[in-house]
Amino acid sequence: MSADFEPKIVGFLCNWCSYAGADMTGTSRIPYPPNIRIIRVPCSGRVDPLFVLKAFQEGADGVLVAGCHPGDCHYADGNYHAQRRYALMHRFLDYMGIEAERLRVDWVSAAEGARFARVVDELTESVRALGPWNGEGVG
Amino acid sequence: MMDAGEATKQIQATARELLSSGSVTCVIGYEIGPRGVVRPFFAYTPAEADRLVWNDLCDHNLTVFLHDWKMPRARDQDPPRVGIVVKACDARAINVLVQERQVAREQLDVIGIVCGGMRDGEGQDAPFQARCQRCAERTPVVHDQLIGEPTVAPVRADWADVEVLEAMSPRERLAFWVGHFDRCLRCYACRQACPGCYCYECLAEQVDPLWVGIGIDFPGKYFFHVMRAYHLTGRCVDCDECERVCPVDIPVSLLNRRIAREVMELFDYTPGLSPDGPSPLTTFRPDEALPL
């Protein structure tokens, strides 16, 4: 693929942990790829699987869903529901032709600024290697 | 398997009894229509019960019609009681609807038939349908009456059709799906035939938020199918009506079956075996660590 390809990553970050963690990445002045567009949600359990699909539909090449660590959810159990939904989603997306590596679901706490940078960097690089997702050009 | 003529007589007798005693308002079953083709039939009187039939062309999953029987006909009444003829695959849809509080079990008089499989054409030489060849049950899991001797299917559930696709690369699979969905007209026959699709306003018709729009171009129609399949996660009973009714022969069942296999492997759950579930997407265990 073209060396100029810059993946578009959409990130759904929960307000209490992962968004705060991303904020800490910034305040700590830790650089991370600018490819991610962050959408703040109250909880990873708010992330309807249709959001992930809509992101790909609108041109995202990769999606990150990040929440509190299991057991630490601000709303007690939202991230457990998210875990169930997204455990089922990876392989189905792959089966539909959206490579499983394009969706990353991870737990980032409010203190893990450095970790957030690493997660975004890893996702951006693996999506860069996969190339743009554009179903229209196929078949 | 019970002889079709004998089964027909028993269904008619059961329906006649239910209707004349007033136990149900209607019996939902099959009849032979004016063009000689089997179609769903709603018997409201004992005389109409004589039109009910059973044979190996009774494809339809009649539980989809339960969507229309949810509400009472007048205030301060209960919803009307209905009798319904079900095969093994259809019966699991009843459990899903009961579990999701769409119908009450007490509202139904379930006439279960031990099914030998539906054929792809008339006559004893016509092949059995693919979904019947891999059927893992013959006896309806829920019934108030059972017509035929309970029996166990000789074939285990197998995922060979899904595995063919799994052997391809993601890009090949994308080409496969985009190629098939190219023919999709957004007629929504798949959605209308599905017992699990009962939303008053389908995601496909919502404008705020706008999920897929109504056009017939990519990506809307690709994502409509992906989103609908995802809404059926842990709920689809694999009756394959969606594929049967598609006017342009899209292999819709391959979508739902892939998810069904994932649900089976991760949670050891088959939708509709019990009215109590518990459905894997509405429950969780705090100690679990699922592959993400």
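The model is predicted, so local features are used at pLDDT of at least 70 and side-chain atom pairs at pLDDT 80 or more, whereas totals for chains, interfaces and linings use all residues. Residues are numbered from 1 along each chain as its sequence is written, and chains are lettered from A and ligands numbered from 1 in the order in which they are written. Chain B is divided into domain 1 (4-147) and domain 2 (160-267), with bounds that come from an automatic or database domain assignment.

**Domains of chain B**

- The centres of domain 1 and domain 2 of chain B, taken over C-alpha atoms, are separated by 26 Å.
- Between these domains, 13 residues of domain 1 of chain B are in contact with twelve residues of domain 2 of chain B, where contact requires C-beta atoms, placed from the backbone, to lie within 7 Å.
- On the side of domain 1 of chain B that touches domain 2 of chain B, helix 2 (residues 88-99) of chain B gives the most, with six residues; helices (H or I, at least four residues) and strands (E, at least two) are DSSP runs, numbered from the N terminus.
- That side of domain 1 of chain B holds five nonpolar, four polar and four charged residues, with Ala, Val, Leu, Ile, Met, Phe, Trp, Tyr, Cys and Pro counted as nonpolar, Asp, Glu, Lys and Arg as charged, and the others, Gly among them, as polar.

**Parallel strands of chain B**

- Strand 3 (residues 82-86) and strand 4 (residues 108-113) of chain B run parallel and are joined by five bridges, and two strands are taken to pair if DSSP finds at least two bridges between them.
- Within this pairing, I84(B) has V110(B) as its bridge partner in strand 4 of chain B, and V86(B) has G112(B).
- From strand 3 of chain B the chain passes through helix 2 of chain B to strand 4 of chain B in a right-handed β-α-β crossover, a term that applies if, with the strands pointing away from the viewer, the path from the first strand over the helix to the second runs clockwise.
- Strand 1 (residues 26-32) of chain B pairs with strand 3 of chain B in the parallel sense over three bridges, and C26(B) has V82(B) as its bridge partner.
- Strand 5 (residues 145-147) of chain B runs parallel to strand 4 of chain B, with three bridges joining them, and Q145(B) is the bridge partner of I111(B).
- V82(B), I84(B) and V86(B) point one way from strand 3 of chain B, while G83(B) and V85(B) point the other way, and all are buried; a residue is buried if 20 or more other C-beta atoms lie within 10 Å of its own, with C-beta atoms placed from the backbone.
- Strand 4 of chain B is mostly covered, with five of its six residues buried.

**Helix 9 of chain B**

- The 15 residues of helix 9 (residues 253-267) of chain B should span 21 Å at 1.5 Å a residue, which agrees with end C-alpha atoms that are 21 Å apart; the expected span is 1.5 Å times one less than the number of residues.
- The buried residues of helix 9 of chain B, among them L255(B), I259(B), V263(B) and F267(B), pack against helix 3 (78-95) of chain A together with helix 4 (160-166), helix 7 (220-231) and helix 8 (241-245) of chain B.
- D268(B), whose phi is positive, near 50 degrees, follows helix 9 of chain B.

**Contact between chains A and B**

- In chain A, 26 residues are in contact with 32 residues of chain B, and helix 3 of chain A gives the most to the side of chain A that touches chain B, with twelve residues.
- This side of chain A comprises twelve nonpolar, six polar and eight charged residues.

Terms used: Contact = placed C-beta atoms within 7 Å. Buried ≥ 20, exposed ≤ 12 C-beta atoms within 10 Å, placed from the backbone.
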